[in-house]
Every structure is written in C-alpha cells, then in structure tokens.
Amino acid sequence: MSHVIESLGELRRSLAGTVVDPADPEYDAARLCFNAAVDRRPAVIARCLGAADVAAAFDFARAHELEVAVRGGGHNPAGHCVCDGGLVIDLSQMRTVTVEAHPRIARAEGGATWLDFDTATQASGLVTPGGVVGSTGVAGLTFGGGIGHLTAQHGLTCDNLVAAELVTPDGAVINASPDENAELLWGLRGGGGNFGVATRLEFRLQSLDRVVGGLFTYGGKGVRDALRRFRDVAARAPRDLSCHAVLVVDESLSPALVVSVCYTGSAADPEELTALRSSPGLVDDGVRAQSFLDQQRVFDSPYGENRHYWKGHFVRELPDELIDELLRCVVSLGRSPGDILIESLHGAPKDADGSAGAVGFRRAAFNVTASGTWQDAAHDAQQVEWARDTAAAIEPWSLTGGGYVNYMQADEPIERVRAAFGAEAFGRLQALKTRYDPSNVLRRNQNIPPLAEETAVR
Ligand SMILES: Cc1cc2nc3c(=O)[nH]c(=O)nc-3n(C[C@H](O)[C@H](O)[C@H](O)COP(=O)(O)OP(=O)(O)OC[C@H]3O[C@@H](n4cnc5c(N)ncnc54)[C@H](O)[C@@H]3O)c2cc1C
C-alpha cells in the first residue's frame with residue numbers, strides 16, 4: 001500500500017473533489033458500510049465531484065493496479081461499497097437533484113439518496129417510485145430493480161429510469177437513453193452497477209401529493225390470519241394500493257406482523273384498507289392520510305450499527321403452507337432473527353415485459369427475504385444459518401431460483417445471479433459487460449462476468 005500512499009498527491013491534483021487516506025481523521029467514517037459486519041480498509045477513497053473525477057479515479061486505480069469499489073448510499077448488504085486495499089469511488093458528495101416540470105423529469109447525481117430525491121421532487125408535488133428508507137442510494141437501488149411504496153401504482157424504480165450518464169472504466173463518458181445506447185439503458189434497468197459509474201440518472205415523474213398510508217401491526221393468535229388477509233388483499237388489490245408485510249417476533253418471541261400500505265386512490269374508505277383494519281390480531285392502526293414524505297419515513301434502519309445477512313426468493317404464490325413455514329422460521333432462532341420481508345409485486349410491474357429492462361422477476365407474486373439482523377458478532381454463524389435455512393424453506397415456491405440482486409450477499413454463486421435474470425437476459429448483459437467493462441474492473445457487485453472471463457474460469 002505504501003507506493004499508493006506516496007502517489008496520492010498525483011490523485012489529489014487530478015481531482016476537483018477530495019481524497020481520504022488511512023491517516024485522515026475522516027477515514028473511519030468514510031469507509032463505514034450500512035452492514036456493520038463489513039469492516040474493510042481501502043487504500044484510498046476518492047470523493048468525486050463529477051464525471052471527470054470518476055475518470056481520474058479509474059485512471060489512478062488502473063495505474064496502481066488497485067481494486068475498485070463504488071459507493072453510492074453505502075446500503076448494499078453485501079458491503080460492495082468498500083474493499084480492502086483498493087480504491088473507493090465515493091459519490092457521496094454528488095447528491096444534487098433537479099426537477100423539470102415540463103416534461104416531468106428529475107435528474108439525480110450518482111450519489112443522491114432517496115431522501116435527496118423525494119425532497120426535491122415533492123417540492124413540486126411530483127414523485128417516482130423509489131426505496132422506502134431515505135438514506136438508500138438512488139443509483140444502486142434503481143440498477144437492481146427497485147421496490148417500494150409506489151410499486152403497484154408506477155412500477156419498479158428502473159421502469160421509470162429514462163436516461164443515464166455513465167463513466168466506463170476506460171474513462172469514457174457515455175449516455176444511455178432510448179435514442180442512444182438503448183441496449184445499455186435496458187441493461188441498467190436491473191443489471192446493477194456492472195457497466196460504469198453513473199454520474200447522472202434521469203427519471204420520469206408523476207403527480208402525487210398526499211397518500212393514505214402507514215403501518216398496521218398485528219400480534220397474538222391473529223397473526224396467521226392477518227398474514228393470509230394481507231396475501232388476499234395484495235392478490236386483488238387495485239393498482240392504487242401498494243402493500244408489503246414484515247414478519248418479526250414480539251417481546252415474548254411470538255410472531256408479530258407489520259403491514260405497510262400506501263393508497264393513492266380517491267375512495268374515502270377503500271375496501272382493501274377496511275379488510276386489513278378488520279383482520280384478527282390488529283394491535284395498532286397507524287394508517288392515516290399523510291404527505292408522501294411522511295410515508296417515506298414509516299420505515300427506518302440505523303446506518304452502520306447492525307450486522308446483516310439477507311437471502312430470499314421471488315415466489316409464484318404465497319399459499320397457506322408457505323405462510324406456516326414462514327411463521328415457523330421467524331421463531332426458530334429463539335431470539336429475534338431480524339425479519340422476514342414480503343414485498344408484493346402486483347400492479348404496474350406486470351405491465352412491462354423483458355424488452356423494457358433486464359429484471360427477471362416481474363411475474364413473481366412476492367419477494368420473500370429472510371433479513372438476518374443482529375449486533376453481537378458471536379451470533380454471526382447462527383444468524384447466517386438462520387437466513388440460509390429460511391431461504392431454503394421458501395425455495396420450493398421460487399419463481400426462478402434466483403434472488404433479488406439488491407438484497408444479495410457477496411457469497412451468492414453466479415448461478416443465483418444468472419437465475420435472477422434468466423439465461424437469455426443474462427447473455428445480453430454479458431454482451432454489454434464485454435463491451436463496456438471487458439476487464440471486469442467493476443466486479444465488486446452482483447457480478448456479470450464478461451464473456452471471455454467466464455469462458456476462462458470454466
Ligand atoms: C435499509 C435498507 C433499505 C433498503 N430498501 C430498499 C427498498 O425499499 N427497495 C429496494 O428495492 N431495495 C432496497 N434496499 C436494497 C438497496 O436497493 C440495495 O442494497 C442497493 O444496492 C443500495 O444502493 P446504495 O447506493 O445505497 O448502496 P452502495 O452499497 O453504495 O452501492 C451498491 C452497489 O450499487 C452500485 N452503485 C451504486 N451507485 C452507483 C452509481 N452511481 N453508478 C454505478 N453503480 C452504482 C455499485 O455496484 C455498488 O457496489 C435497501 C437496503 C437497505 C440496507
């Protein structure tokens with residue numbers, strides 16, 4: 001690492017942004033990852049301010065043979081935003097979001113978070129469907145798909161991505177839009193950060209002011225029926241209601257259920273909300289008319305405090321048998337394991353087909369994820385085992401055998417990544433990778449290897 005430290009003056013001179021090295025007081029905060037189980041020490045963190053900085057950082061990494069990691073919001077549970085001994089392209093100072101009212105378009109810099117984005121767009125009464133936790137990165141979430149409080153209404157986040165500016169590892173700045181590099185735009189809609197570092201993303205916007213939203217909480221003997229009720233409501237829900245469920249344990253280590261809803265229709269008393277409100281086991285009704293920004297605050301998750309290991313499947317259906325399995329799994333550890341997240345994919349995601357983007361899970365009914373969350377490192381092995389066992393219990397109902405790339409850990413085999421897209425889409429993504437990143441510089445992600453590399457590994 002010493003030859004890199006000696007050359008940092010060269011990098012500092014070539015960047016408009018700043019360089020953080022291990023001697024810097026900011027170093028520990030700058031290398032922190034959402035997942036506290038990830039503790040890596042990069043040689044250098046390049047805090048970029050624009051496309052030219054990103055290109056200069058790539059140049060420096062190439063010249064010094066450094067591994068590259070890309071930091072957006074730092075949320076990826078696999079900890080892909082940081083690497084040992086390498087160079088981090090840190091976009092956290094590039095968070096400006098601008099909004100154009102006619103046509104309704106938002107332009108976000110590559111490091112913007114959903115709080116940055118929603119604050120800017122809601123100032124004009126506009127929105128795009130994003131993530132549910134404000135500190136999550138816009139680019140990272142979009143490039144893996146994007147499921148949230150407006151999925152039923154407006155589709156996956158990536159369905160609303162209309163253009164992007166990227167810096168490829170050779171330093172070229174390229175655009176992706178329906179008119180320019182359209183195949184790359186297709187790949188960015190689900191294929192992750194495999195092709196370049198996005199410095200600008202453009203999204204289509206919709207009007208939205210207030211919603212009826214918040215959380216219903218269920219406990220006691222009613223939880224099984226409440227989860228069945230959630231499933232039935234989601235199955236017949238109109239597209240102006242998005243809903244997701246989180247299965248947890250309460251203080252007595254019995255199952256408890258939280259259902260988030262976001263209704264944007266005009267009915268004063270929508271029957272789906274009445275059905276959820278009247279379900280057995282309701283212990284708290286936190287659903288009310290509120291601003292969309294308040295809706296975006298109903299979930300929160302502390303940054304860098306908890307250890308995480310997540311694993312799951314997109315399922316075709318959520319039959320009673322699978323519900324019983326989930327109720328068994330959530331209590332099987334004998335302490336809180338974290339949660340089991342059940343995200344509904346009804347409504348608008350089904351409008352598009354494979355030609356719109358690379359995501360391979362549109363036909364699924366739900367995304368079901370064992371989200372292992374804990375604090376004590378002594379519990380690492382048990383927690384990982386719990387998440388794997390729970391995912392194995394879900395697998396018989398899996399649509400594709402692949403998981404959600406946005407929630408995958410770094411230990412997922414390439415077969416799971418391939419299955420997430422399907423063989424045909426994976427082949428197209430590999431062709432894009434071979435064109436834009438033939439040396440697989442951007443490998444610290446749910447990796448799509450270039451064609452030559454995969455052949456060589458075999
Ligand atoms: C608390 C929490 C809440 C979440 N909520 C949701 C949710 O509601 N819906 C959902 O779908 N997912 C959600 N996720 C998952 C999230 O979408 C992914 O983990 C995503 O990768 C996070 O992006 P990031 O920029 O924050 O993470 P980072 O770790 O910074 O980046 C992850 C990867 O994304 C890529 N990347 C990031 N920025 C860029 C860029 N500008 N250009 C190119 N590549 C880039 C890189 O490959 C990078 O390795 C959540 C995760 C957490 C931890």
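I call a residue buried when its relative accessible area is under 20%, exposed over 50%, and partly exposed in between (1.4 Å probe, protein chains only). I'm working on a predicted model, where local features need pLDDT of at least 70, side-chain atom pairs count only at pLDDT 80 or more, and totals for chains, interfaces and linings use all residues. Residues are numbered from 1 along each chain as its sequence is written, and side-chain values use heavy atoms, with hydrogens and water left out.

**Helix α13**

I took helices (H or I, at least four residues) and strands (E, at least two) as DSSP runs, numbered from the N terminus. Buried in α13 I found Gln 383, Val 384, Trp 386, Ala 387, Thr 390, Ala 391, Ala 393 and Ile 394. They pack against β16 (307-315), α12 (320-331), β17 (338-344) and β18 (366-374), with contact meaning heavy atoms within 4.5 Å.

**Aromatic rings**

I paired rings of Phe, Tyr and Trp (its six-membered ring) if their centres lie within 6.5 Å; planes under 30 degrees apart count as stacked, over 60 as edge-to-face, the rest as tilted. That gave me 12 aromatic pairs. One of them, Trp 310 with Tyr 407, is edge-to-face, at 5.3 Å centre to centre and 85° between the planes. Trp 310 is in strand β16 and Tyr 407 in the loop between α13 and α14 (414-421), 97 residues apart. Tyr 407 is buried at 14% relative accessibility.

I also looked at Phe 314 and Phe 361, which are stacked: 4.2 Å centre to centre, 5° between the planes. Phe 314 lies in strand β16 and Phe 361 in the loop between β17 and β18, so this pair ties together parts 47 residues apart in sequence.
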